[in-house]
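I opened my notebook to go through this structure piece by piece. Here is the model I had on screen.

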2 protein chains.
Amino acid sequence: MLMTTIDPSLLPFFQPQGIVLVGASADPTKLGFGVARNLLQSDYKGAIHFVNPKGGMLLSRPLHPHIADVPPPVDLAFLLIPAPFVPQALVECGQKGIRAVIIAAGGFRETGETGQSLEDACLHIAHQYNMRLMGPNCIGLLDTHLPLDATFLPPPGPTPGAVAFISHSGAICAAVVDWARGQGFGLSRLVSLGNQLDVCETDVLPAIAADPYTRVITMYLEGVTDGRRFMQVAQAVTRYKPVLALKVGRFASGRQAVASHTGALAGADTAFDAAFRRAGIIRAHTNEELFDWARALAWSPLPRGPRVAVLTNAGGPGVTAVDAIESSGLQLATLQPETETQLRAALPPAASVHNPVDMLAGASPEQYADCLRLLLADEGVDSVLLILPPPPMYSAGGVAKAIIPTIYAAQKPVLVTLMGERLIQEAMEHFRAARVPEYRFPERTVAALAILTRYAAYVQQATTFPVVLSDVQPERARQSLVQVGEEDWLSPTAVTELLTAYNIPVPASHLAQTSAEAAALARQIGFPVALKLVAAGITHKSDVGGVRLGLVDETAVQTAFADMLARVRQIDSDAAIEGVLVQQMIPVGQEVIIGVTRDPQFGPLVMFGSGGVEVEGLADVAFALAPLTEADVNYLLTQTWAGRKLAGFRHLPPADETAVRHTLLCLGQLAADFPELAEIEVNPLLVLPEGQGVWAVDARARVGNEIGRLRD
Amino acid sequence: MLMTTIDPSLLPFFQPQGIVLVGASADPTKLGFGVARNLLQSDYKGAIHFVNPKGGMLLSRPLHPHIADVPPPVDLAFLLIPAPFVPQALVECGQKGIRAVIIAAGGFRETGETGQSLEDACLHIAHQYNMRLMGPNCIGLLDTHLPLDATFLPPPGPTPGAVAFISHSGAICAAVVDWARGQGFGLSRLVSLGNQLDVCETDVLPAIAADPYTRVITMYLEGVTDGRRFMQVAQAVTRYKPVLALKVGRFASGRQAVASHTGALAGADTAFDAAFRRAGIIRAHTNEELFDWARALAWSPLPRGPRVAVLTNAGGPGVTAVDAIESSGLQLATLQPETETQLRAALPPAASVHNPVDMLAGASPEQYADCLRLLLADEGVDSVLLILPPPPMYSAGGVAKAIIPTIYAAQKPVLVTLMGERLIQEAMEHFRAARVPEYRFPERTVAALAILTRYAAYVQQATTFPVVLSDVQPERARQSLVQVGEEDWLSPTAVTELLTAYNIPVPASHLAQTSAEAAALARQIGFPVALKLVAAGITHKSDVGGVRLGLVDETAVQTAFADMLARVRQIDSDAAIEGVLVQQMIPVGQEVIIGVTRDPQFGPLVMFGSGGVEVEGLADVAFALAPLTEADVNYLLTQTWAGRKLAGFRHLPPADETAVRHTLLCLGQLAADFPELAEIEVNPLLVLPEGQGVWAVDARARVGNEIGRLRD
């Protein structure tokens, strides 16, 4: 059931008792006429009022000169007047007791400072009157079931259906409504959000999800207003209704300069991918994917698993389908022997009764229906992909009519590849009327089936929540941060404290100022030791010869100390050298990198992958939002070679994967607990053989002002 | 100009003087009626004859009882009779002097041994009469311009057009013809190849390319008959006409067991990718891509470069287009100041005159036309992507009419994103009639534009031929192969000889049988040295402790020798140890892997990438066909992190990239010169700093029977 609440202040947008259109026009070339026409033609059952200072009549209704003149009921206003007049109209709406207003006009924030001031004025008035605003710079909203069409979209409006569309772009709405009609699917609700001065995508999501006619929600997003809130709300919705999103502007957002591998590897879109994955939102990468998939989710039962049977009358498209199945994570079902026996009896000898089942070109409508029934009855089959090019001896329409009753009765999805154009028109109309998803080519059909299967697996899983660790020491970590400035790297000692407080083990290490001191510390720690330069501004120590490993006695330590300082001075005579860390040497293990970076919209991201100096070149890394769930940790380990090889590889013995998992959870919680931590990077995190744990051999952390841009 | 010759024996298929249909039927439900109807309705100008032993009349023409009865002219036969009757009919065709026959029936090789014998008999007869065969198991061929329709496709046939289609699958043809009509593009020729008993895809390619009406060739391939010949023919064609291919069955072909990284990393489709790249064939991955791209190539001029201007009346689709442009290797054009000034004068103040140019929702047909002209006139613009959702105030058809003359006159491509369905019908018809490529959504438009741009770049480049090195010593290499069995690994000495003969330097190394011998050899080579186990059947030496590096004196060598043998015996007491190589130690450098594997269809492939033991996990490798062109070498180095970092990376100094390039060319030539070499792998190839060359530190090579399956 719905786990988020619908804000009651939004109800007038979705269940208005009466609507006033301010700026109604009798001129058919004006948008003010278009909205009036759509309101009347949409068969809306509430009151419809028109306001225009000129007075007169419009479509047999009076044009009231003022908002104050409008008789009750009226709880939603649609303002179709130029931007400068909007604040005064809002005041009049407020005085009239209207608490929901759609502002359609452009000319606000998107045009510059004057427009921004106008928006500020509008928001001020809205707060004064406890009023919610949609827009400005939007085309309105519609509901095909209420029904209500409060938009200036060109007619005809969408056919009633089960797919809702929430859009940051108004222009795309007209195309989507028109295209949906051509593709044979209807819409339930459509909301154009415009500049989102007040109501945003996250606000409307639960309201749209609560609509009983909506089975799938599609979103066209240019960003989100508050990343973490969006995720929480979406995660509650996606458990019971699928949400598909097309996020545009992947390359639009500039990136700030970053000093760590983790920051450099996190692309502008990494956080969206991580957030969508956590929230269970299915990300489409093209408009066609968005609606191909929505149609399948709206019309089809969910499969119990990934095993697909292919039924075709032609070998070529069958091969294409198998290629697509193999590369999309689905599986070709293995048919039970009795299914094959029964198929054999129903088909000519040359037909192939193994999956993909090829009935040959002469397949009749009855053979299509019989074989489909047999495949659906097979317990090893979770879904059927049926391929129907124009049959040489029969009509595609005849096949459609023969199989639709079987598809209707089935508890398993049957998706159809209906190939051609004119020869398949009748079949297409039958399938669409029966709500059977059909696509022109096997690849698109398989992609839709893969999404159905993925969503089915998602809802079958228990919701995973971030793991909360109770044995960490936030107060100790906080102490390590108090001496740091608002934007600065932590000292090695502070980094050690920080990580240790969150159970990430750091080898014993001490700062030496002289080679003699280094030798003494080394004796105290025990040989062999490593030396590591500490100098503000030098972030990649190994690049400047600032790392020496495996020093076996005091002489070696003293020589290496002197040598290191000399080399660094030679490269950068101004380097602010604070000293040299003398560090316990760690046994050999697998080297990985773990890190934290911070996204302005979604907050902290944890990175995991192949470490070393070439981490950016190899790019074998994955990201998840902090704090992490167990599912996130699985994702990080399975998506990377660094994670997969922890299980052992050829000469590499299995490494302590359990310790890596625990360390990732600790790091995620650390990042979530301290928003002021802008970057953390442990490279390498050395992973010892099974049962022997991990060591954060080299680590650094930075506090920064990124928190100022975060809302959570 | 066409650089391949058309086999004159194929001419009767494409320019027949007279056709006889054997198996013509008066029963409208039979395919034998369908072909007769299509032949007559296609308006074919040559003679049309029907044969059926029953005699009588069909569609006002006589049904001759025997092939011998057919009057001249007749030079092409279409056999639509059951498989068992085909050999006798072929004999009659041969006796009649017919030299080209299409065999439509199935029931041959695809059904088992009896069918295979029938095929053998047919081929024997064909050779006897110097006759060419198309099929069996095909639907025939058609030419919309000759015109000729010798298929049993359901009517109507395709509209005449500029796209040719060559297909291994007959079933897909009906769907493609029908779908093409719906997408508004016509076909020039269509050839269904079936089982390819005689005529194959490579044979027909030059004949189709020579057709003056064909501007683009599309292929639906399930494989190729002779990989190297296909490449040569295709490379000649693609220079002057684009060839697009959809290769299906990516996952169908089983892989033989392989013993090297190189073999394991070469997927079943790797060779196709390499071959298509070398031959200039554009590989589509879905049916829709195949024809989306074909339409753009058939209808549009080629751009001079990658700089795209976007013209839109809506922000959302503009952003989507920019995303797609950035991710497809195209560039957003930077408009010249005077262009922006003129755009500013033509548009309202709130419009954006920077690229992407957003005219806002109120844009009129005249504004669309004016802005398009300005963008096309800008020297910094190579192509224009025009976005047209249903305009709120005007009709999309009006915009289409206003801009088509400008698109027609332009020397630059203009591709249109025409969004919607019913509201854009008129515009769509105008664009299709004017041969302007239009697509529903920005992503597909950009993908087509990217292909136009890629093909334009391809034809502008000089043809690259494999580099032929004259300073290699094939005879010396041949000597190193004489002592090896038909399927065996080469001895270390033989490998050294082989590589040295092709200028790939191998460190000094000698085989020792005892630890004393190893110590003596080490002294002779000079310290430090490395020890490497030599044992038949142990291919990954480091996995079993069979590699020891940096041994600094005789004692170290002796200890390591004993230790190595003990460890190996412990792991595998039956290991056939031949001895231990004592090898010159090489200075530190970058480690890469180079290798050769052999594809059954395309022959030797050269691999390059990140080496070490984790090469399969990291999969940072690329492949090209041997012998290599300079373009192949560029590809290998730019596609891999191993190649990119040769230029230097952070602490890594620049490595000797020139030596790597030369070594790759040498390896490619070695692989091409000796087909019996089934696998070669050098891992690592150590690359020293600039000017200091490379060393094949560890290498192995195998001869094998793969050559038996090769035709070149």
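My entries follow, from conventions and confidence to symmetry, interface, sheets and local backbone.

**Conventions.** I am working with a predicted model, where local features need pLDDT of at least 70, side-chain atom pairs count only at pLDDT 80 or more, and totals for chains, interfaces and linings use all residues. Residues are numbered from 1 along each chain as its sequence is written, while chains are lettered from A and ligands numbered from 1 in the order in which they are written.

**Confidence.** I looked up pLDDT, the predictor's confidence in each residue from 0 to 100. Chain A has a mean pLDDT of 91, and 96% of its residues reach 70 or more. A contact here means that the C-beta atoms of two residues, placed from the backbone, lie within 7 Å. Over residues 707-712 of chain A the pLDDT is also below 50, with 9 contacts in the model beyond near neighbours in sequence. A note to myself: where pLDDT is low, the predicted coordinates should not be read in detail. For the complex, the predictor gives an ipTM of 0.83 and a pTM of 0.88.

**Symmetry.** How is chain A superposed on chain B? I found a rotation of 180° with 0.0 Å of shift along its axis, at an RMSD of 0.2 Å. The two copies are thus related as by a two-fold rotation axis. In chain A, Leu618(A) has the C-alpha nearest the axis, 4.0 Å from it.

**Interface.** I counted 58 residues from chain A and 58 residues from chain B in the contact. Elements of chain A that give two or more residues to its side include α5 (171-183), α10 (287-299) and α11 (315-327). Helices (H or I, at least four residues) and strands (E, at least two) are DSSP runs, numbered from the N terminus. The side of chain A that touches chain B divides into 28 nonpolar, 14 polar and 16 charged residues. In this count Ala, Val, Leu, Ile, Met, Phe, Trp, Tyr, Cys and Pro are nonpolar, Asp, Glu, Lys and Arg are charged, and the others, Gly among them, are polar. Of the interface residues of chain A, 100% are also interface residues in chain B, so the copies meet through the same surface.

**Domains.** Chain A is assigned domain 1 (8-294), domain 2 (301-460), domain 3 (508-584) and domain 4 (590-709). The bounds come from an automatic or database domain assignment. Taken over C-alpha atoms, the centres of domain 2 and domain 4 of chain A are separated by 43 Å.

**A sheet in chain A.** In which order do the 4 strands of the open sheet in chain A run? I read β22-β25-β23-β24, with antiparallel pairing. β22 (509-512) and β24 (547-551) of chain A stand at the edges with a single partner strand each, so one side of each is left without a neighbour in the sheet. The twist averages 25° from one strand to the next. Two strands pair if DSSP finds at least two bridges between them; β22(A) and β25 (residues 576-584) of chain A have 4. Across that pair, Ala512(A) has Val580(A) as its bridge partner in β25(A). Helix α19 (residues 515-525) of chain A lies across β22, β23 (529-536), β24 and β25 of chain A, at about 25° to β25(A). For such angles, axes are lines fitted to C-alpha atoms, for helices over the stretch in contact, and angles run from 0 to 180 degrees between N-to-C directions.

**A sheet in chain B.** Here I found 7 strands in an open, mixed sheet, ordered β9-β8-β11-β10-β12-β13-β14. Its edge strands are β9 (148-151) and β14 (282-284) of chain B. Antiparallel β8 (residues 140-143) of chain B and β9(B) are joined by 4 bridges, and Gly140(B) stands opposite Thr151(B).

**Backbone.** The peptide bond from Gly135(A) to Pro136(A) is cis, with omega near -5°. Pro136(A) sits in the loop between β7 (132-134) and β8 (140-143) of chain A. Leu59(A), in the loop between β3 (57-58) and β4 (61-64) of chain A, has a positive phi near 50°.

Notes
Least-squares fit on C-alpha atoms with pLDDT ≥ 70 in both.
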